[in-house]
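Subject: Structure for you to look at

Hello,

Here is the structure I said I would pass on. Please open it next to this message and find each residue as you read.

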Amino acid sequence: MNTRFRSLQAQLVLRLAAGFVVATLLAVSAIVYEGSQAAQSLGDDELERRAVQIAHFVERGPDGALHLTLPARLDQLYQSPARTRLLAVRSGDGAMITASAPEFAAEVARWPAADGNRHPFRLDDFGPTSQDYNGLTVRVDSIAGPLSVTVAAVSDAEALAAGLVKRFIRDLIWAVPLFAAAMLAIAAWSIRLSLRPVHAASERAAAIGPVASAVRLPVDDLPTELVPLVAAVNHAFDRMEQGFAVQRQFTANAAHELRTPLSILTAALDELDGGAELEKLRGDAARMNRLVEQLLRVARLDSVPMDVSAEVDLVATTAGVVEFMTPWAISEVCLLGFDAPSLPVRVLGNADAIADAVRNLVENAVHQSPAGGEVAVTVSQEGIVTVADRGPGVPQANRQRIFERFWRGRGATRQGAGLGLSIVAEIAKAHGGSIEVADRPGGGALFALRIPPA
Amino acid sequence: MRLLVVEDETRIVELLQSAFQRAGFVVDAVGTAAEGGEALSFVTYDAIILDLGLPDGDGLQLLATVRRGGNNVPILILTARDAVEDRVGGLDAGADDYLVKPFAVVELVSRIKALLRRPGHALGMTLEAGNLAFDTIGRDVRVDTTTIVLPRQELAILELLMRRLGRVVPRAVLEQKLYGMDDEPESNAIPVHVHHLRRRLAEAGASPVIHTVRGIGYLLIEQPG
């Protein structure tokens with residue numbers, strides 16, 4: 001099927017149009033053919049009538065021979081020097097009785113006598129006047145016995161009846177395509193009208209997403225042919241919604257089950273007194289916490305499609321992250337700086353996810369920063385958040401791979417699991433945005449997270 | 001100070017009890033929302049720590065019941081769920097703060113203290129950070145036992161920073177507070193005041209330090225680095 005016409009409406013209209021064109025051509029040809037047949041047959045009727053008329057005037061003479069004695073009016077017609085009409089009368093056995101012109105007599109004498117059927121003929125460029133004739137040989141049972149009467153008339157002279165028919169065809173034939181066009185317009189309009197509920201259902205379907213997964217397609221207004229399809233789709237949505245619910249429940253339960261023992265462990269370690277070994281244990285617990293957080297985030301990103309339809313102010317969201325992370329950054333001997341337009345930068349997305357992406361970038365930058373360095377966070381009017389550090393930077397060869405899950409650079413000193421940047425990349429992707437890393441002028445890495453503007 | 005902990009995980013309850021008792025609180029602990037509601041009808045608490053995942057229902061319901069009853073006791077929600085809707089739901093239902101598990105006990109204690117420091121609470125009369133103390137009634141500031149004299153603009157800034165100890169105070173909030181205080185407000189008034197305040201605190205030997213978060217605001221942290 002032609003992919004350019006995937007629309008049911010376009011397909012129906014196209015097919016109907018093709019059908020109508022063929023039907024119109026057939027109808028016109030049929031009318032023209034039938035019309036000319038009728039004209040022909042009208043002409044033949046006229047000729048036969050004349051033949052019968054002529055036969056009336058054939059009499060058997062006292063000598064027993066047959067004679068044609070036409071009244072003066074008719075005689076003039078058949079004997080005119082213009083030779084517009086010709087006649088030839090033969091007896092039932094084919095013997096020539098009389099003819100209006102010698103060449104016509106010679107011509108007709110070669111044909112068999114009429115046998116009860118009409119025998120139409122045509123003579124082109126005939127006789128001394130070189131005219132075209134239509135003619136007819138017919139058997140007439142006259143009072144003088146069976147006769148074979150042949151009459152002919154110059155084509156244009158007998159064309160009156162045919163002319164009438166042709167004129168009728170010429171005057172009315174244009175109505176056929178016009179009628180077909182009108183039918184096509186009505187069909188297109190009615191198709192359009194009938195498909196309206198399908199359009200409405202499509203719009204409803206477009207609104208269904210992971211967030212509005214409870215919406216179902218309306219079955220009431222649909223044509224009965226489409227009801228089974230829509231019902232099946234609705235069932236599929238039911239199962240999808242159940243799947244989402246199960247996944248949400250699972251990640252929520254997993255979060256609860258993992259965090260509770262970790263809380264206890266963390267809190268219990270906090271309660272203990274001193275010692276270098278204890279500090280190490282606290283560090284291990286913190287690392288475990290971080291890993292669990294990131295795994296839960298990854299699980300959520302994988303299982304539940306993200307709702308990115310809210311309007312988010314990138315400036316406020318990013319400022320919130322910087323504000324929230326500053327105390328931690330200071331504890332890591334690092335300062336955060338923030339530059340942004342004074343007006344909001346609106347993007348379409350998920351504020352929580354964007355904040356999470358920025359948080360991961362800041363965390364990463366602080367880990368890479370030398371002690372006392374500043375991590376600079378900016379937001380641009382175009383919807384780009386940059387996070388820049390003064391660390392060792394990212395070698396050209398690793399610039400794609402650092403966004404892969406569990407990827408860790410050789411000789412990486414920090415104890416991350418290699419999930420943070422992959423989370424950023426997935427959040428960027430879910431927003432239709434991007435994440436890139438480049439060299440920061442003056443040394444260090446510069447991460448640019450782009451979220452498309454609203 | 002009497003504290004109610006509504007939490008079903010016994011190990012967490014034990015740890016909270018020992019930490020808060022050391023911080024000078026009396027701690028009552030219950031394991032279900034129903035017991036929590038009952039305890040609240042007999043005793044007037046200064047603050048409540050509420051877990052959301054309770055065996056007999058959602059802690060949010062207890063929270064809503066308490067607030068409907070006109071009780072304005074500070075409530076901190078402790079939750080293992082961090083989905084946005086949980087946080088928003090908790091704050092909408094009238095919680096004053098929330099902390100996501102796993103949490104540092106020190107953080108929880110300081111958050112509870114911060115809630116109690118809010119206006120309208122007895123503890124709010126004196127703000128403390130390290131060796132720095134701010135009497136919000138008498139408007140005087142002491143480093144250890146030495147009183148230091150500060151201009152009123154710097155006093156206002158210091159009060160805001162101490163009320164949100166360890167958290168960033170956006171510059172806009174400081175500007176609002178100081179609006180009308182300066183005879184001739186200048187665009188760089190806040191940085192100038194903070195600069196003077198920082199020098200005076202350092203000269204007096206105060207342990208907390210004011211950090212600048214460029215583009216955002218300032219924060220006071222108890223011990224440097």
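Predicted model: local features only at pLDDT ≥ 70, side-chain atom pairs only at ≥ 80, totals over all residues.

Chain B

Chain B has 225 residues, and 47% of them count as buried. Its secondary structure is made up of eight helices and 14 strands. Take the contacts in chain B between residues at least 6 apart in sequence: 56% of these join residues at least 24 apart. The accessible surface of chain B is about 10700 Å², and carbon and sulfur atoms account for 51% of that.

The size of an interface is often given as the accessible area lost when the parts come together. For chain A and chain B, that buried area is about 2600 Å². Carbon and sulfur atoms hold 59% of it. In terms of residues, 29 from chain A are in contact with 32 from chain B.

How many salt bridges does the rule find across the interface of chain A and chain B? There are two. In one salt bridge, the side chain of A:D339 meets that of B:R214, with N and O 2.6 Å apart.

Which elements of chain A give two or more residues to the side that touches chain B? They are the helices α6 (227-271), α7 (276-303) and α8 (314-331), together with the strands β9 (335-339) and β11 (374-379). The largest share, 12 residues, comes from α6(A). Sorted by class, the side of chain A that touches chain B has 13 nonpolar, seven polar and nine charged residues.

A residue of α6 to look up is A:T260, which lies in that helix of chain A. Is A:T260 buried or exposed? With a relative accessible area of 5%, A:T260 is buried, because buried means under 20%. Leaving out residues up to four places away in sequence, A:T260 touches B:E9, B:I12 and B:K101.

A loop residue in chain A

A:A95 sits in the loop between β3 (85-91) and β4 (96-99) of chain A. Its relative accessible area is 40%, so A:A95 is partly exposed. Apart from neighbours within four places in sequence, A:A95 is in contact with A:V89 and A:R90.

Salt bridges

Over all chains, the structure holds 31 salt bridges. A few are described here.

The side chains of A:R118 and A:D45 form a salt bridge, 2.3 Å from N to O. A:R118 lies in the loop between α3 (102-109) and β5 (119-126) of chain A, while A:D45 is in helix α1 (residues 8-56), so this pair ties together parts that are 73 residues apart in sequence. A:R118 counts as partly exposed at 33% relative accessibility, and A:D45 counts as partly exposed at 29%.

In chain B, the side chains of B:E107 and B:R111 meet in a salt bridge, 3.0 Å from N to O. Both residues belong to helix α5 (residues 105-117) of chain B; because they are four residues apart there, about one helical turn separates them. B:E107 counts as partly exposed at 32% relative accessibility, whereas B:R111 counts as buried at 14%.

B:E159 and B:R163 also form a salt bridge, and their closest N and O atoms are 3.0 Å apart. This pair lies in helix α6 (residues 152-163) of chain B, four residues apart, about one turn of the helix. Here B:E159 is buried, with a relative accessible area of 9%, and B:R163 is partly exposed, with 26%.

Some salt bridges join up into a network. One network links A:R290, A:R297, A:D352, A:D356, A:R359 and A:E363.

Regards

Technical notes. Residues numbered from 1 in each chain as written. Chains lettered and ligands numbered in written order. Heavy atoms only, no water. Buried < 20%, exposed > 50% of the residue type's maximum accessible area, 1.4 Å probe, protein only. Contact = heavy atoms within 4.5 Å. Areas by Shrake-Rupley, 256 points an atom, 1.4 Å probe, with all protein chains shown as cover. Buried area = accessible area lost by both parts, 1.4 Å probe. Salt bridge = Lys/Arg side-chain N within 4 Å of Asp/Glu carboxyl O. Nonpolar A, V, L, I, M, F, W, Y, C, P; charged D, E, K, R; others polar.
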